[in-house]
Amino acid sequence: MNTTLKYRIGYLSAAPRISTHPHAEISGPRTHILGFISACKTLGFEVKTFIVGDRVPRTWVTKKSEHAMSGSFIRALALDLSRLILGTVNARQAWRELGGGQVDWVYERFASFRTLGWTFKQHGIPWILETNAPLFYEAKTERKSTVLSGLARWLEVQAYRECDALVCVTEALKELIVRESGISPEKVVVVPNGVDSEMLDPQRHKPKRLFNGFTVGFVGRLYAWQGLNLLLEALRELRAEGLDVSLVVVGDGLMRAEWEEQTQSLGIASNVTFVGQVPWEGVPHYISGFDVGYIGHIQMQVGKMYHSPLKLYEYMAMAKPVVASAFEDAQRVLQEGETGFLFEPGNKEDLKRALKSAYQAREQLPAMGQRARDLMVAQHSWLARVSTMVTAIEQILGEH
């Protein structure tokens, strides 16, 4: 990275439910945005923001806003149309506030149906776009929150083609986007998620432990791809074998009611606690009370698991070994038996094997967790991520 350049960056986000508010229901994007901006400032960059979710009524971004997005056909259609209209209005407003020579380039978190950076590109300012998923697919298939899926796909592909550089969180996502949009892989930078290891420090947070026995913990939005149904089945069978294993789930989402019902039908409700949504500052206390963190991403209907789960880095920064399905980030970061335990995605028997290994290694887990934290501090901070990204973007922009 050219450290003599101190960029003026405009950070853009058009999604009204993505907010940096501490009680925002969707906490993952909030963590990502704050980590990115903090790293930019540490590097000496000036950052100005236009984050729509920080400008809308508080009720739009707090508890139960996701359920309101998943209603009837008429409601979904109305939401799609409002996204289109507000996208254009906010793009113009973003330019009025940040344009006119105030920024050197803009960095935008992609939102379905609307982008803001195109107005800046029209005026010759480089537009860097970040995508964490093929939203045209997720919104229709996984979340069922859109009806104008064809238009959503066209707009998303156009944004990928028109931006100056595209940031993807995994190689799997890059391959999918390149295939679907036909863009050159040379304009795509892969930057996995990172972690704020100073905030997520086990020395700063008192453990909140809900079970006396071996506790598996999960933090995140409750979507089908998280694979908690598989974990619940494995938990019942392991308890039947005599293992004192319990589960704490911190978070909310569309699958919560179904998974709570599953715990009842499996007869393990007394060994599973669904905490629900908690303010972000409270999450580390729960993680500190886990013995291991769980990430069970399954193969998605599109054929790949393309996410870079923040929880992987958060568990490890909090000195917790991780039991994870063997997706891209986990395979790259975790060392079997040293910082965590991998299992084949969607394979219950292999998940049981991994959980048994963790259970049998109970005395070694603190040392494993410390190795995990040391790795996060040394190699996976947001500062390291943004430094790598800026270097790659400088090269792409220089070539153009």
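A: Contact means heavy atoms within 4.5 Å. Helices are DSSP runs of H or I with at least four residues, strands are runs of E with at least two, and both are numbered from the N terminus. The model is predicted, so local features need pLDDT of at least 70 and side-chain atom pairs count only at pLDDT 80 or more, while totals for chains, interfaces and linings use all residues. Residues are numbered from 1 along each chain as its sequence is written, and side-chain values use heavy atoms, with hydrogens and water left out.

Start with α6 and α7. Two packed helices are described by the angle between their axes and the distance between the axes. Axes here are lines fitted to C-alpha atoms, for helices over the stretch in contact, and angles run from 0 to 180 degrees between N-to-C directions. Helix α6 spans residues 149–162 and helix α7 spans residues 171–181. Their axes come within 10 Å and cross at roughly 105°. The two helices are therefore roughly perpendicular to each other. The cut-offs are these: under 35 degrees is roughly parallel, over 145 is roughly antiparallel, 65 to 115 is roughly perpendicular, and the rest is oblique.

Which residues of α6 and α7 meet? From α6 come R153, V157, Y160 and R161. From α7 come I177, E180 and S181. By class, this contact has three nonpolar, one polar and three charged residues. Ala, Val, Leu, Ile, Met, Phe, Trp, Tyr, Cys and Pro count as nonpolar; Asp, Glu, Lys and Arg count as charged; the others, Gly among them, count as polar.

Now look at α7 on its own. Buried means under 20% relative accessible area, exposed means over 50%, and partly exposed lies in between (1.4 Å probe, protein chains only). The buried residues of α7 are A172, L173, K174, L176, I177, V178 and S181. I177 and S181 also belong to the meeting with α6. The cover over the buried residues of α7 includes α6, strands β4 (127–131), β5 (165–168) and β6, and helix α12 (328–333).

Follow the chain out of α7. Just after the helix, G182 takes a positive phi of about 75°. S184 sits in the loop between α7 and β6 (188–190). S184 has a relative accessible area of 37%, so this residue is partly exposed. The C-alpha atoms of S184 and R161 are 8.8 Å apart, across 23 residues of chain.

Two other loops hold non-glycine residues with positive phi. F113 has a phi of about 75°. F113 lies between β3 (105–109) and α4 (118–122). With 5% relative accessible area, F113 is buried. A319 has a phi of about 65°. The loop of A319 runs between α11 (310–317) and β11 (322–325). A319 also counts as buried, at 13% relative accessibility.

R373 is in helix α14 (residues 365–379). R373 is charged by class, yet counts as buried at 11% relative accessibility. Leaving aside neighbours within four places in sequence, R373 is in contact with S197, L200, D201, P202, M316, A317 and A319.

Next, α13. This helix covers residues 348–360, which makes 13 residues. From first C-alpha to last it reaches 18 Å, close to the 18 Å expected at 1.5 Å a residue. The expected span is 1.5 Å times one less than the number of residues. A polar contact is a pair of N or O atoms within 3.5 Å; within protein, one must be able to donate a hydrogen and the other to accept it, and residues adjacent in sequence count only if both atoms are side-chain atoms. N347 caps the N-terminal end of α13, with a side-chain oxygen 3.1 Å from the backbone nitrogen of E349. Buried in α13 are D350, L351, K352, A354, L355, A358 and Y359.

The side chain of E241 makes a polar contact with the side chain of K352 at 3.5 Å. E241 lies in the loop between α8 (228–240) and β8 (245–250). At 41% relative accessible area, E241 is partly exposed. Apart from neighbours within four places in sequence, E241 is in contact with K352 and K356.
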